[in-house]
Number of protein chains: 2
Amino acid sequence: MTPERFEKLKAILKSRQMDLTVVMENVHKPHNLAAVARSCDAVGVFETHAITEMSNLVLRPKAASGSRKWVGVKRHGSVDEAYAHLRSKGLRILCAHFDERAVDFREVDFTRPTAIVVGAELDGITEEAVSKADGSVIVPMLGMVKSLNVSVATALILYEAQRQRLERGMYDERSMDDETYHTLLFEWGYP
Amino acid sequence: MTPERFEKLKAILKSRQMDLTVVMENVHKPHNLAAVARSCDAVGVFETHAITEMSNLVLRPKAASGSRKWVGVKRHGSVDEAYAHLRSKGLRILCAHFDERAVDFREVDFTRPTAIVVGAELDGITEEAVSKADGSVIVPMLGMVKSLNVSVATALILYEAQRQRLERGMYDERSMDDETYHTLLFEWGYP
Ligand SMILES: C[S@@+](CC[C@H](N)C(=O)[O-])C[C@H]1O[C@@H](n2cnc3c(N)ncnc32)[C@H](O)[C@@H]1O
Ligand SMILES: C[S@@+](CC[C@H](N)C(=O)[O-])C[C@H]1O[C@@H](n2cnc3c(N)ncnc32)[C@H](O)[C@@H]1O
């Protein structure tokens, strides 16, 4: 490994946002999973979450063009299991979902520790996941169609978070703990 | 048709941005075409463009969940043909592409008449399309992966344009000519 590449790995690990994540509820289409993983890597999400009953879901498809290596996926069998885990990490849980309480994504403070839940193409997010969350967020649409592709909606919200966190200098201070940092630096550096 | 729906159709036609569009160069995957169409509808793009040698390309796939009806696609056989058409409409042509002259998408003035060119998954935008355009624009990425999914990159740029145009009140004044407006109102209203 060249010194330049080693510096790059260090810089990226340093900029990972440990308190920003995405939760995919029953999102199973490989091209959507791949697109979400790429966006997560690009805004510095360290690990994503999947709520699914499929225990053998291929969460890290090939089409992710390498992002499978750079962004982890943690599987949860139920909403309760996932939310308990996220709350134990101090994360507020917001659903990307249309309802009366939904807030425009540009008006949400994403510098706060946040997990964003997104749903599947046909069914969207389950009522259980919506009702147990802390709030909802929408991306305003000015046309005839009622929803965006799930990977598109996810990316728009994540990039708004990126914008806010860049402004706040949150990519300049490492938030990853030493152990994870050194483990990953080794794993990424010497595959 | 209910009076409410008629009002909705009128409001959406009124808000269509005749001077903002997307040009897909050799983008052929149905799920990407569908996702782009949905985002275009959501930010008020009236018509998109495709540069492709495939004359029978299915540009309006089913998965667009209705957006095929709401956003047109104009096919062009070559870069020259497409660019001549766009320039005749007074549009500046910007490629979503990484190069030395590329500007951060948040620093581009999208209230100006603009066409955004995007490329295919593997090959990206051709050299010809890049060199004949007026400039390049990038979405900054802070991770290991080198590019976003094409429908994701397109949506991020379009939503930045939406944000700027909302701020300027550009969705409040109709930019569509009378003839197109009345034709579409009839077509959408009485299918
Ligand atoms: C295709 S949409 C699901 C639409 C589904 N028919 C429904 O009624 O919820 C897939 C997921 O993308 C996210 N999504 C799509 N468009 C969105 C928007 N404009 N605002 C917020 N989230 C959106 C939501 O998480 C949604 O569950
Ligand atoms: C998957 S990318 C193509 C990557 C291709 N290997 C290349 O080298 O250009 C597909 C298209 O999405 C757009 N795109 C993807 N990520 C982008 C980014 N961060 N900034 C601007 N455009 C991007 C570009 O138009 C690109 O041609």
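**View 1. Seven strands of chain B form an open sheet with parallel pairing, in the order S3-S2-S1-S6-S4-S7-S5.** The model is predicted: local features need pLDDT of at least 70, side-chain atom pairs count only at pLDDT 80 or more, and totals for chains, interfaces and linings use all residues. Residues are numbered from 1 along each chain as its sequence is written, chains are lettered from A and ligands numbered from 1 in the order in which they are written, and side-chain values use heavy atoms, with hydrogens and water left out. Strand S3 (72–76) and strand S5 (103–104) of chain B stand at the edges with a single partner strand each, so one side of each lacks a neighbour in the sheet. Strands (E, at least two residues) and helices (H or I, at least four residues) are DSSP runs, numbered from the N terminus. Two strands pair if DSSP finds at least two bridges between them.

**View 2. Strands S4 and S7 of chain B run parallel and are joined by three bridges.** Strand S4 of chain B covers residues 92–96. Within this pair, B:Leu94 has B:Gly135 of S7(B) as its bridge partner. In general, the strands of a sheet pair through backbone hydrogen bonds, either parallel or antiparallel.

**View 3. Ligand 2 is surrounded by residues from chains A and B, so its site is shared between chains.** Around ligand 2 there are 18 residues, and the closest are B:Ala96, B:Gly119, B:Leu122, B:Val139 and B:Leu148. A residue is near a molecule or strand if one of its heavy atoms lies within 4 Å of it. A polar backbone atom of B:Ala96 is 2.7 Å from an oxygen atom of ligand 2, and a backbone N or O atom of B:Gly119 lies 3.1 Å from an oxygen atom of the ligand. A polar backbone atom of B:Val139 is 2.9 Å from a nitrogen atom of ligand 2. Taken alone, ligand 2 exposes 570 Å², of which the protein buries 86%. Accessible areas come from the Shrake-Rupley method with a 1.4 Å probe; for residues, only the protein chains shown count as cover. Strand S7 (135–138) and helix H6 (150–167) of chain B are the elements that give two or more residues to the shell around ligand 2.

**View 4. Ligand 1 lies between chains A and B.** Of the 18 residues around ligand 1, those that come nearest are A:Ala96, A:Gly119, A:Leu122, A:Val139 and A:Leu148. A nitrogen atom of ligand 1 is 3.1 Å from a backbone N or O atom of A:Leu122, and a nitrogen atom of ligand 1 is 3.0 Å from a backbone N or O atom of A:Leu148. The protein covers 87% of the 570 Å² of accessible area that ligand 1 has on its own.

**View 5. Helix H6 of chain A is largely enclosed by the rest of the structure, because 15 of its 18 residues are buried.** Buried means under 20% relative accessible area, exposed over 50%, and partly exposed in between (1.4 Å probe, protein chains only). A:Glu160 lies in this helix and counts as buried at 7% relative accessibility. The side chain of A:Glu160 makes a polar contact with the side chain of A:Gln164 at 2.8 Å. A polar contact is a pair of N or O atoms within 3.5 Å; within protein, one must be able to donate a hydrogen and the other to accept it, and residues adjacent in sequence count only if both atoms are side-chain atoms. Just after H6(A), A:Gly169 takes a positive phi of about 70 degrees.
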